[in-house]
Amino acid sequence: MTKFLAIAAICALPMAAQAAPYPEAHPTGFDPYAASAIERGDYAAAENRLMRRLAENEGDVPAMLNLATVMMETDRVARASSMLEQVLEAENVQLGNLDGAAIWSHDAASAGLRGRVTLGAR
């Protein structure tokens with residue numbers, strides 16, 4: 001669960017590369033990257049929202065990262081790994097800052113893949 005929270009926290013930060021809000025839920029309830037649904041454990045709703053985002057833009061790196069989280073949490077490890085590998089093949093984008101340090105998409109994807117290997121080794 002800690003791994004999930006770490007990935008969700010990374011994905012819930014504002015994207016520095018884009019001025020648009022990223023996946024933080026807004027006071028109006030708008031949550032484009034399903035961060036609140038993931039946090040609540042409503043993986044079906046999160047997957048639905050993220051799949052729609054990816055249908056509109058298959059290169060949406062934050063959506064891929066959050067969908068990989070959903071896949072990992074619903075025991076679809078191979079699919080999660082595939083999503084994370086797609087993130088590594090895409091441009092490395094800055095997702096935001098945490099304690100003054102930049103968070104990059106490739107770092108988040110690599111951490112997710114390392115977590116997959118750790119889970120498999122148990």
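Which residue in the hairpin of β1 and β2 takes a positive phi? In this hairpin, which has two residues between the strands, that residue is Asp99, with a phi near 55°. The model is predicted, so local features need pLDDT of at least 70 and side-chain atom pairs count only at pLDDT 80 or more, while totals for chains, interfaces and linings use all residues. Residues are numbered from 1 along each chain as its sequence is written, and side-chain values use heavy atoms, with hydrogens and water left out.

**Secondary structure**
- The protein has six helices and two strands, where helices (H or I, at least four residues) and strands (E, at least two) are DSSP runs numbered from the N terminus.
- From the N terminus on, the order of elements is α-α-α-α-α-β-β-α.
- Strand β1 (residues 94-98) pairs with strand β2 (residues 101-104) in the antiparallel sense over four bridges, pairing being assigned if DSSP finds at least two bridges between two strands.
- Asn97 has Ala102 in β2 as its bridge partner.

**Nonpolar core**
- The largest nonpolar core holds 27 residues, of which Leu50, Leu65, Leu67 and Val70 touch the most other members; such a core is a set of buried Ala, Val, Leu, Ile, Met, Phe, Trp, Tyr and Cys residues joined through side-chain atoms within 4.5 Å.
- Helix α4 gives the most to this core, with nine residues.
- Leaving out residues up to four places away in sequence, Val70 touches Ile38, Tyr43, Ala46, Glu47, Leu50 and Arg76, a contact being heavy atoms within 4.5 Å.

**Burial**
- Of the 122 residues, 41% count as buried, meaning under 20% relative accessible area with a 1.4 Å probe and protein chains only.

Conventions
Buried means under 20% relative accessible area, exposed over 50%, partly exposed in between (1.4 Å probe, protein chains only).
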